[in-house]
Amino acid sequence: MKEMKRYSLTLTVNNETHEVVAPPNRTLLEVLREDLHLTGTKEGCGEGACGSCTVLVDGQPVRSCLTLAVAMEGRKITTIEGLAQGGRLHPIQAAFVEHHAIQCGFCSPGMILTAYALLNENPNPGEAEIRRAISGNVCRCTGYAKIVKAVQSLAGEGR
Amino acid sequence: MKLPPFEYLEPSTVPEALSMLDAYRDKVQIIAGGTEVVNRLKLRLIRPDYVMNIKKLRDLEGIVEHEQSIIIGANVSVKEIRDSSLLQDKYKAIAEAAFQVAAPPLANMGTIGGNILQNTRCLFYNQSEIVLKGLDVCHKRGGASCLAVKGGKRCFSVYQGDMAPALIAFDAQCVLEKSGSRRTIPIMALFTGQGVQPFSQENNELLTGIIIPKQNRAYGSAYRKLRVRGSMDYPLASAAALLALGADGRFAAGRLVIGASGPAPKVVDRVSAALLGKLPEEADLKAAADMAYELSEGVDNLVLPGDYRKKMVRVFAQRALQGARTDMKRGM
């Protein structure tokens, strides 16, 4: 096969515009980590099962390992680096710290972004709704109880 | 895992997409949500020259209610189906199937068209290139042996889509378009029943929409599935049921479809005649579930043993029938 065409992409990540040149077989995960050096987004399984690569696209959690970067022009991408403002943790990040919802931390970016999307859609979720929302994010350390508590602590707060 | 090289196509209209399909045929792989295709690309199970992203085709969006039917665009996400109050209310089996597809982030990405057209799976096929290099080349990979059924003369890979059984229970149809023509066929006719080539779709055809007929009598529906992790797995046994009652309170129609039981969903044909005219009693539902058991194919090629999955088809068929009976409501 002849050499792949490379695309000049304009990606909006964390409200900033980035120009990236990439072939079409680059995933959003690869572009975020390797081109934009936003390494908060993690690669776990690489096949959509674990949720550690979760980012928000137009506010919805998606798997960046299964997303082609070339298809992301015109979409609003949010990574974990986009949550803290002015050096202050976002309230969801602070709640994770407060409730000891982080151990090794590998799942935390995906968990926090998933919780962020849930709370935007439903500011007052019950435990079952929280568990359902994070059901696609695997955590091998915490047993989920503290993560659920951290998200629950924010229910009804309106941010 | 890195993706293999390919050229990228992004049509902005359906005619443009159809003309690309016409030009590239077997060399092109269609992608929408990507949850299925990107993994198949990563595993090198497919090596297309072109990947055509149809996600920007606005004509393939929307859930629209018509007088006699509901039309769902092929690009409608599984999440939209799950969240549709119309589908939750009137087509419960379809909404329940969508609710059980993978996990929420994958339902955000995946489309109904992609879910229907997902390829069959097998533990001896859905593996990385490195693992497959150490295995005999099976039917699915163009060889002449089956690694799941020793001496098997055909491919026993399993269709594990959730949406198709529920849609088939409602006798839904799909619209296939190609340059200059379109055809509407029952979703069941989209399946060949062959593991190697599971779909009858031609290589220049695009699935553009799903048509679900309305019911005109009291009816109920449900979808149930077995999976290891309640949070996200493919079905290991599944069943969709649609039951309709006549004015006399007896069954006027019954349709039971099982999934993850062979290379295509299976309509348990005998159920309709067996239930007709009967009162909606448990013994009849159990008898119908027994018919599903007889039809199911239990092969040791998924994460649970084949004979266990076959037994569970009966259990989940009965649960789906019970769920359909509970869901009973007036016709639309």
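Which residues of helix α1 of chain A are buried? In this predicted model, helix α1 covers residues 28-35 of chain A, and its buried residues are Leu28(A), Leu29(A), Val31(A) and Leu32(A). An α-helix has 3.6 residues a turn, so residues three or four places apart point the same way. Part of the cover over the buried residues of α1(A) comes from strand β2 of chain A, residues 16-22.

Read from the N terminus, they run β-β-α-β-β-β-α-α-α-α. The chain's radius of gyration is 16 Å, close to the 15 Å that the globule rule gives for 159 residues, so chain A is as compact as a globular protein of that length. Its C-alpha trace spans about 55 × 30 × 25 Å along the principal axes. Of the 159 residues, 46% are buried. Take the contacts between residues at least 6 apart in sequence, and 57% of them join residues at least 24 apart.

Chain B, for its part, splits into domain 1 (1-53), domain 2 (60-117 + 158-213) and domain 3 (218-326). The C-alpha centres of domain 1 and domain 3 of chain B sit 35 Å apart. As for the largest nonpolar core, it holds 153 residues, and those with the most contacts inside it are Ala93(B), Ile94(B), Leu167(B), Ala239(B) and Ala241(B). Setting aside neighbours within four places in sequence, the contacts of Ala239(B) include Leu256(B), Val257(B), Ile258(B), Ala292(B) and Phe316(B), along with Arg224(B).

Note on methods
Residues are numbered from 1 along each chain as its sequence is written. Chains are lettered from A and ligands numbered from 1 in the order in which they are written. This is a predicted model: local features need pLDDT of at least 70, side-chain atom pairs count only at pLDDT 80 or more; totals for chains, interfaces and linings use all residues. A nonpolar core is a set of buried Ala, Val, Leu, Ile, Met, Phe, Trp, Tyr and Cys residues joined through C-beta atoms within 7 Å. A residue is buried if 20 or more other C-beta atoms lie within 10 Å of its own, exposed if 12 or fewer, and partly exposed in between; C-beta atoms are placed from the backbone. Two residues are in contact if their C-beta atoms, placed from the backbone, lie within 7 Å. Domain bounds come from an automatic or database domain assignment. Helices (H or I, at least four residues) and strands (E, at least two) are DSSP runs, numbered from the N terminus. The radius of gyration is taken over C-alpha atoms; the globule rule is 2.2 Å times the number of residues to the power 0.38.
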